[in-house]
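User: Could you take me through how the features of a structure like this should be read, beginning with the terms themselves and then turning to the case at hand?

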Amino acid sequence: MTRKAIVFDNSGTLIERYRVIKDVSTGELITHINSLDLIDSCLNAALVVLQFNTNRLKDLDPNTLISDYIIENNIDFDISYYSTDVTKEEIKRILQKDSAIIKDITDTFPLLKENVPHMELCNGSAVIIDIAEERISYTITSAGQLFSGVKDTISNLQESGIDVFIASGDRSGAIKRLADLTGIPEDHAFATASTHKKAEIVESLQNEGYKVMMVGDGPNDILAFEQADKAVLTTEQKDGDFPDKLKGYADFVIEEISQVLEIDF
């Protein structure tokens with residue numbers, strides 16, 4: 001009997017996300033633009049996930065350079081999404097000389113808390129790097145709550161013998177917390193997975209003998225959609241317009257996560 005696996009994206013798929021973006025140059029706080037769409041609109045940009053608990057920033061001098069904090073605390077980071085190829089060493093060099101400050105991250109906190117007062121998961125903070133200009137152009141902080149039905153859906157899948165995995169671009173601490181919340185084994189949860197990494201995870205499972213369904217909601221899931229045996233686009237996150245290009249990669253489009261139980265693969 002063929003083993004089956006479902007790989008879920010996190011933000012917008014399992015978690016109803018709320019995201020606040022700050023334009024470092026103008027100080028504008030942005031909530032109506034998807035960060036991945038923002039990167040796609042740029043010729044040379046990368047989404048860089050900072051691997052630390054965002055709450056640690058509350059007690060810092062707000063004028064502390066983000067670069068100083070990263071260096072002094074040996075903060076790791078990963079490139080989650082990009083519009084042009086860039087190495088981690090190139091990003092490290094840009095981060096180390098940038099002039100953005102902690103306040104550029106913490107300015108987003110009040111609006112985030114206002115809109116997600118009962119947050120179950122803080123995905124943490126990230127920055128968008130303008131590679132051509134070699135600077136942090138935006139900071140991003142996001143949080144959210146599980147969509148209704150997520151825990152029951154995952155439990156039902158596991159009870160039916162389907163192995164459940166997470167492949168997400170979010171930071172490792174958040175994905176570990178998500179695995180705990182949903183009952184997914186920690187070694188089935190992959191954090192800061194780039195577009196290519198998600199596809200590699202699907203392929204690795206297929207090489208282990210699994211038939212794989214990929215469930216996601218954004219352009220960073222496209223390569224995994226192409227690799228998977230079945231691709232499912234979920235539109236439960238209502239702040240996206242889900243362009244026809246994205247729908248073209250999906251075998252199924254669902255409006256809520258529980259509908260994956262109805263798909264035979």
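Analyst: Buried means under 20% relative accessible area, exposed means over 50%, and partly exposed lies in between, with a 1.4 Å probe and protein chains only. By that rule threonine 192, at 14% relative accessibility, counts as buried. This is a predicted model, in which local features need pLDDT of at least 70 and side-chain atom pairs count only at pLDDT 80 or more, while totals for chains, interfaces and linings use all residues. Residues are numbered from 1 along each chain as its sequence is written, and side-chain values use heavy atoms, with hydrogens and water left out.

User: Where is threonine 192 found, and what is its phi?

Analyst: Helices (H or I, at least four residues) and strands (E, at least two) are DSSP runs, numbered from the N terminus. In those terms, threonine 192 belongs to the loop between β9 (189-190) and α8 (195-207), and its phi is near 40°, a positive value in a residue other than glycine. Glutamate 134 also has a positive phi, near 55°, and is placed in the loop between β6 (121-130) and β7 (135-146); with a relative accessible area of 27%, glutamate 134 is partly exposed.

User: How many helices and strands does the chain have, and what radius of gyration?

Analyst: The chain comes to 10 helices and 12 strands. The radius of gyration is taken over C-alpha atoms, and the globule rule is 2.2 Å times the number of residues to the power 0.38. For 265 residues a compact globule would have a value near 18 Å, and the chain agrees, with 18 Å. Its C-alpha atoms fill a box of roughly 60 × 35 × 35 Å along the principal axes, and buried residues make up 52% of the 265 residues. Where contact means heavy atoms within 4.5 Å, 69% of the contacts between residues at least 6 apart in sequence join residues at least 24 apart.

User: Which residues of α6 are buried, and which are exposed on the other side?

Analyst: An α-helix has 3.6 residues a turn, so residues three or four places apart point the same way. In α6 (residues 150-159), the buried residues are Val150, Thr153, Ile154 and Leu157. Seen down the axis of α6, these buried residues fall within an arc of 95°, so they line one face of the helix; the arc is that of the directions from the helix axis to the C-beta atoms. Asp152 and Glu159 are exposed on the other side of α6. The cover over the buried residues of α6 includes β1 (3-8), β7, β8 (163-167) and α7 (172-182), and α6 is followed by glycine 161, whose phi is positive, near 90°.

User: What arc do the buried residues of α3 fall within?

Analyst: In α3 (residues 88-97), Ile91, Ile94 and Leu95 are buried. Viewed down the axis of α3, they fall within an arc of 100°, so they line one face of the helix, whereas Glu89 and Lys97 are exposed on the other side.

User: Is asparagine 220 buried or exposed, and with which residues is it in contact?

Analyst: Asparagine 220, found in the loop between β10 (210-216) and α9 (222-227), counts as buried at 9% relative accessibility. Leaving aside neighbours within four places in sequence, asparagine 220 is in contact with Leu36, Tyr81, Thr195 and Lys198. The C-alpha atoms of asparagine 220 and leucine 246, 26 residues apart along the chain, are separated by 9.9 Å.
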